Amino acid sequence: MKKLLKYSLLVLFIAGVLSSCMDKNARKNNYPAPDVPLPPVGRVYTIQELINVWMNDGQQSSYANDTIFKNKDCSVYGIVTADESSGNFYKASFIQDRASGMAIELYMKSVSGLRIGDSVRVCLRDAVLGAYGGTPQIQNLESKNIVILENCKYIEPEVVTIADITAHHHLCQLVTLNNVQFKGPFVAPTNVWAVMHETSATSTASSRDLDEYDDNCNKTGTIVVRTSAYASFADKLLPTGKGSITGILTYYSGSGGVWQLYVRSLNEVSMDGERCE
């Protein structure tokens, strides 16, 4: 009887997951609303092409090209790899091309309803190809710019080492780092992911150093984990062990330039192994 009950619950759970994905495919639940005409497709850019334009124009933090899409019907396709649900991103999402792995940030004029796994077409008419701190963005986007085509089309993170990371390929990409641990000592206030905004009038985000080691416990690199003060897990204690972490790679060009990792969820942090120190 217990086996039958467990089996029935499992079937109901799977059915619920599948139906939730299928139900969201209805246009009435997605961008744009049913009474809003779909924006024209026009010329289709790949994310790779947009990154190439951005890099060829200097990849400066202040760079903004507001002419490439001006009064032009054009689009780019991608799959959402990060959304605003955890509070670690604000008015921002990231899309990635499944075939090439290239990715870019979408910076919206207002909070979006995008979710991880949404396959989308982004209408680029009058958008701006820009950057923030050395991370490429498609800026000036409104809800009507986004057409959700399908849901639950999740992209698996690429497993990389810190030494593997290159600006041309890994910017904005979803990645996993293994054999990493946060740098101690773990004392307040740096023993949590971020100083919450409610406890600080000035804090908007916090940085924590993450060290990577080889199998012989030789340190092979360091990267910054950046967390918003508004993240739902901001006040949670940092893991003190060694293991793996998954997130979105960005780049900050100030202070000599530094790679940053933004975590999507604590469910993607598994760091309870023995430390190298």
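Tutor: Start with strands: two of them pair if DSSP finds at least two bridges between them. Helices (H or I, at least four residues) and strands (E, at least two) are DSSP runs, numbered from the N terminus. This is a predicted model, where local features need pLDDT of at least 70, side-chain atom pairs count only at pLDDT 80 or more, and totals for chains, interfaces and linings use all residues. Residues are numbered from 1 along each chain as its sequence is written, and side-chain values use heavy atoms, with hydrogens and water left out.

Student: What do S4 and S5 form, and how many residues lie between them?

Tutor: A hairpin, with six residues between the two strands. Gly 101 sits in the turn, with a positive phi of about 85°. S4 and S5 (residues 103–108) are antiparallel, over five bridges. Ile 95 has Ile 104 of S5 as its bridge partner.

Student: How many bridges join S3 to S4?

Tutor: Three, and S3 and S4 also run antiparallel. Here Val 80 is opposite Ile 95 of S4.

Student: Are the residues of S4 buried or exposed?

Tutor: Use the cut-offs: buried is under 20% relative accessible area, exposed is over 50%, and partly exposed is in between (1.4 Å probe, protein chains only). In S4 (residues 92–96), five of the five residues are buried, so the rest of the structure largely encloses this strand.

Student: Which residues of S4 lie on each side?

Tutor: In a regular strand, side chains alternate between the two faces of the sheet. In S4, Ala 92, Phe 94 and Gln 96 are on one side, while Ser 93 and Ile 95 are on the other. Both faces are covered.

Student: How many aromatic pairs are found in the whole structure?

Tutor: Six. Rings of Phe, Tyr and Trp (its six-membered ring) pair if their centres lie within 6.5 Å; planes under 30 degrees apart are stacked, over 60 edge-to-face, the rest tilted. Take Tyr 45 and Phe 69: 5.8 Å centre to centre, 80° between the planes, hence edge-to-face. They are 24 residues apart, with Tyr 45 in strand S1 (residues 43–45) and Phe 69 in the loop between S2 and S3. Both Tyr 45 and Phe 69 are buried.

Student: Why is the pair of Phe 182 and Trp 193 edge-to-face?

Tutor: Their ring centres are 5.3 Å apart and their planes stand at 85°, so the pair is edge-to-face. Phe 182 belongs to strand S11 and Trp 193 to the loop between S11 and S12, 11 residues apart. Phe 182 is buried at 0% relative accessibility. Trp 193 is buried too, at 1%. Elsewhere, one aromatic cluster is made of Phe 89, Phe 94 and Tyr 262.

Student: What sits over the ring of Tyr 45?

Tutor: The test is NZ of Lys or CZ of Arg within 6 Å of the ring centre and within 35 degrees of the ring normal. The charged end of Arg 43 sits over Tyr 45, 4.0 Å from the ring centre.

Student: With which residues is Thr 240 in contact, leaving aside neighbours within four places in sequence?

Tutor: Contact means heavy atoms within 4.5 Å. With that rule, Thr 240 touches Phe 186 and Arg 275. Thr 240 lies in the loop between S13 and S14. At 43% relative accessible area, Thr 240 is partly exposed. Glu 274 is 34 residues from Thr 240 in sequence, yet the C-alpha to C-alpha distance is 9.0 Å.
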